[in-house]
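Here is a short briefing for a first look at this model.

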Amino acid sequence: MGAASVEGSGGGPYSIENSVYFNSSSSGYLYRTPSGTSSPTTFTTSCWVKRASSGSCHKLWSGGDSVNEACDFEFTANDYLQFTQQSSGSARDLITTNATYTDTNWHHFVCAIDSTQSTDSNRVKLYVDGTLITSLSNTNYPGSSETFRWNEGGVANAIGRESYLDRCMLNGYFADYYNIDGSQKAASDFGETNDDGDWVPIEYTGSYGTHGFFLNFQDGSDLGNDVSGNNNDLTKSGTLTQSTDTPTS
């Protein structure tokens, strides 16, 4: 089935043509190691996700070299949404929702980080379908100007599984996957509420930063192709499948 169009913020149609299916049994994922020696304090990830199953850990992204030094955004084994940064083997930063996310419809997830914010609760913002999540069971926020393993130069980053171990594989679909380096964005940079009251994607028009990328999954032979203009391509490992099942189809 071809992708339908939705109205974007500029009044024109915005259509997501392709997604990518991650089958946890095939161990497929995308990965890259950012160049240089950057130590990021600020970034945003935005992606549309359709889970094919629940009840197990699914990583939306992961950065780090070991379980002792890692930064992750995930569905936990109990289906909570969670941001974690491990340091010296313990969870130094831990933000967990009270809500669980188990259905198999398309949803939009944003993780917006800026540890330079003076108010600690502004340092990690999680959005689901355009709504800032304020009902949280864990609120261990990052310290002032803390640096993170995601987008860090020389550190392994992965989408769809843990970056350092072959586990927590996503079982489901990703569409319109953005990584914004150096800016804390809001969900409204990537989506809007349409006339029917539904949260729908729009075209992102901002900058990407040095290690930023945008994956639209339109090149079936190169599903890690970065179309942001940065050429921060990701490498595929295992089996991933291009699909026309998208949030606008």
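The largest cavity holds about 40 Å³ of space. A cavity here is a set of points, on a 1 Å grid over the protein atoms alone, where a 1.4 Å probe fits but cannot get out. Its volume is the space filled by probe spheres set on the points, which are joined across faces, edges and corners. The model is predicted: local features need pLDDT of at least 70, side-chain atom pairs count only at pLDDT 80 or more, and totals for chains, interfaces and linings use all residues. Residues are numbered from 1 along each chain as its sequence is written, and side-chain values use heavy atoms, with hydrogens and water left out.

**The cavity**
- The structure has one cavity of 30 Å³ or more.
- The largest cavity is lined by V49, R51, F75, Y101, T102, D103, N105, H107 and F109. Lining residues have an atom within 4 Å of a point.
- Two or more lining residues come from each of β5 (42–51) and β10 (106–114). Strands are DSSP runs (E, at least two residues), numbered from the N terminus.
- The lining counts four nonpolar, three polar and two charged residues. Nonpolar covers Ala, Val, Leu, Ile, Met, Phe, Trp, Tyr, Cys and Pro; charged covers Asp, Glu, Lys and Arg; the others, Gly among them, are polar.

**S38**
- S38 sits in the loop between β4 (29–32) and β5.
- S38 counts as partly exposed because its relative accessibility is 27%. Buried means under 20% relative accessible area, exposed over 50%, and partly exposed in between (1.4 Å probe, protein chains only).
- Beyond its neighbours within four places in sequence, S38 contacts N151, E152, G153 and H211. Contact means heavy atoms within 4.5 Å.
- The S38 side chain reaches the backbone oxygen of N151 at 3.2 Å.

**N151**
- N151 lies in the loop between β13 (136–140) and β14 (157–159).
- N151 is buried, because its relative accessibility is 0%.
- Leaving aside neighbours within four places in sequence, N151 has contacts including P34, S38, F43 and H211.

**G182**
- G182 is in the loop between β15 (172–181) and β16 (191–193).
- Apart from neighbours within four places in sequence, G182 touches T42 and F43.
- G182 and S207 are 25 residues apart in sequence and 9.4 Å apart in space, C-alpha to C-alpha.

Technical notes
On a 1 Å grid over the protein atoms alone, a cavity is a set of points where a 1.4 Å probe fits but cannot get out, and a pocket is an open set with protein on both sides within 12 Å along at least five of seven lines; lining residues have an atom within 4 Å of a point. Helices (H or I, at least four residues) and strands (E, at least two) are DSSP runs, numbered from the N terminus. A polar contact is a pair of N or O atoms within 3.5 Å; within protein, one must be able to donate a hydrogen and the other to accept it, and residues adjacent in sequence count only if both atoms are side-chain atoms.
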